[in-house]
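Here is a brisk report on one protein chain, written for reading beside the coordinates.

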Amino acid sequence: MIWMTWRQFRTQAIIGISALVLIATYLVILGEQIRHTYKADIAQCAKGACAGVMSEFTGRYDTQVEVLGYALIVVPALLGMFWGVPLITRELEAGTHRLVWNQSVTRGRWLAAKLGFVGLAVAAFTGLYSLLLTWAAGPIDAVHDNRFTPLLFDARNIVPVAYGVFAFLLAAALGLFVRRTVPAMAAVLVVFAVVQGVVPTMVRPGYVAPVSQTVALTKAEVSGLSFFGEYGTVGGVTVHGGPWIVSTSAVLDTSGKEVGHTAWWANCVNVVAPPQLPDCVAKENAHVDVTLQPADRYWSFQWYETGVFFLLSAVLVGLCAWRVRGRFS
């Protein structure tokens, strides 16, 4: 069965291997360039004293790294559509599954060979892509210090492997139930897009309860803020260490009350000249309450999410087995 699966899958495999070789070559070249620039520029100065150099460094490579990251997020859906769906529906549409099942090959063995062989290929493809991208973008990720952002979290380390396996098995299951190639491909794209939107916003924040932290608007913090926008987001407040900022409060005073409409706040924002603004705000002990996931939980979240998607993958395998062994002709 493995040999037969390979013969049916070889065209997609050859295309996938060729694409992976091109991507890997580009990532190796890009990674070497990023590391050379990092050693020549960033590593020679203290992080707090070379903001301009760091900005130039990230601006030079950010677009390339982001495009590769978005591509890796899309890759699982593409592998599911073009590797997972035809693997099952092609035989169902042609009726060749009946011939196989009437030979010595059981339905379970037929399914296991297909899912196991191609599933390993999907894991290898996404794993190697993620490994090389994580290595190549390492210096830039270190400068940005924001590994919890959806783009970085979804396209680094072990999570992309789980996404790839899940998308492939989702495609196989939809192929078994829909039994038509094009509708099944469309369904894979829609379902996976919904999952990718729901997990970062609704599931991931609940893996571990976030912690609360009070960030004082010191003179240094206030210097980086723009006081002419929406204060509820307080996007300029810096919480060091690369945590995931889940939510922030409005600016509060010592008693915990919002200061957006108080006299002293209006005086600071509307009357005091910009050079004196940090001193004016900071002396009133203004602060922001921040809810966050500490940076040291990053790997825990990677493993939690990998486990969630592997569990969903196991459920999909069970659905495929149930569908094949049931009343299926």
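Helix α7 is mostly covered: of its 20 residues, 18 are buried. This is a predicted model. The helix takes in residues 159–178. From first C-alpha to last, α7 reaches 28 Å, close to the 28 Å expected at 1.5 Å a residue. Arg-179 follows α7 and has a positive phi, near 65°.

Pro-160 sits in α7. Its relative accessibility is 1%, under the 20% cut-off, so Pro-160 counts as buried. What does Pro-160 touch once neighbours within four places in sequence are set aside? The contacts are Leu-72, Thr-126, Ser-130, Asp-154 and Ala-155. Pro-160 and Tyr-129 are 31 residues apart along the chain, and 8.8 Å separates their C-alpha atoms.

**The next helix**

Helix α8 covers residues 181–203, 23 residues in total. It reaches 30 Å between its end C-alpha atoms, close to the 33 Å expected at 1.5 Å a residue. Which residues of α8 are buried? Thr-181, Ala-184, Met-185, Val-188 and Phe-192 are among them. Val-195, Gln-196, Val-199 and Pro-200 are buried in α8 too.

| Helix | Residues | Number of residues | Reach, first to last C-alpha | Expected span |
|---|---|---|---|---|
| α7 | 159–178 | 20 residues | 28 Å | 28 Å |
| α8 | 181–203 | 23 residues | 30 Å | 33 Å |

**The second largest pocket**

This pocket has a volume of about 190 Å³. Which helices each supply at least two residues of its lining? They are α1 and α2. Helix α1 spans residues 2–40, and α2 spans 51–94. The lining includes Gln-12, Ile-15, Gly-16, Ala-19 and Ile-23. Val-75, Leu-78, Leu-79, Phe-82, Trp-83 and Phe-125 line the pocket as well. By class, the lining residues divide into nine nonpolar, two polar and no charged.

Gln-12 is placed in α1. Is Gln-12 buried or exposed? Its relative accessible area is 14%; buried means under 20%, so Gln-12 is buried. Not counting residues up to four places away in sequence, Gln-12 touches Phe-82, Trp-83, Pro-86 and Arg-90. Of these partners, Phe-82 and Trp-83 also line the pocket.

Leu-79 is placed in α2. It has a relative accessible area of 7%, under the 20% limit, and is therefore buried. Its contacts, leaving aside neighbours within four places in sequence, are Gly-84, Val-122, Phe-125 and Thr-126. Phe-125 is a lining residue of the pocket too. How far apart in space are the C-alpha atoms of Leu-79 and Phe-168? The distance is 6.4 Å, although 89 residues separate the two in sequence.

Asp-145 is not a glycine, yet its phi is positive, about 55°. This residue is found in the loop between α5 (138–144) and α6 (150–154).

Asn-157 is another residue other than glycine with a positive phi, near 60°. Asn-157 lies in the loop between α6 and α7.

**A strand pair**

Strand β3 covers residues 287–293. How many of its seven residues are buried? Five are, so the strand is mostly covered, with buried meaning under 20% relative accessible area. Strand β2, residues 244–248, runs antiparallel to β3. Four bridges join the two strands. In one of the pairings, Trp-244 has Gln-293 in β3 as its bridge partner.

**The chain as a whole**

The protein chain comes to twelve helices and three strands. Of its 329 residues, 44% count as buried. Consider contacts between residues at least 6 apart in sequence: 81% of them join residues at least 24 apart. The pair Leu-79 and Phe-168, 89 residues apart in sequence, lies 6.4 Å apart in space, C-alpha to C-alpha.

Notes
Residues numbered from 1 in each chain as written. Predicted model: local features only at pLDDT ≥ 70, side-chain atom pairs only at ≥ 80, totals over all residues. Heavy atoms only, no water. Expected span 1.5 Å × (residues − 1). Buried < 20%, exposed > 50% of the residue type's maximum accessible area, 1.4 Å probe, protein only. Pairing = 2+ DSSP bridges. Contact = heavy atoms within 4.5 Å. 1 Å grid on protein atoms, 1.4 Å probe; cavity = no way out; pocket = protein on both sides within 12 Å on 5 of 7 lines; lining within 4 Å. Points joined across faces, edges and corners; volume = space filled by probe spheres on them. Nonpolar A, V, L, I, M, F, W, Y, C, P; charged D, E, K, R; others polar.
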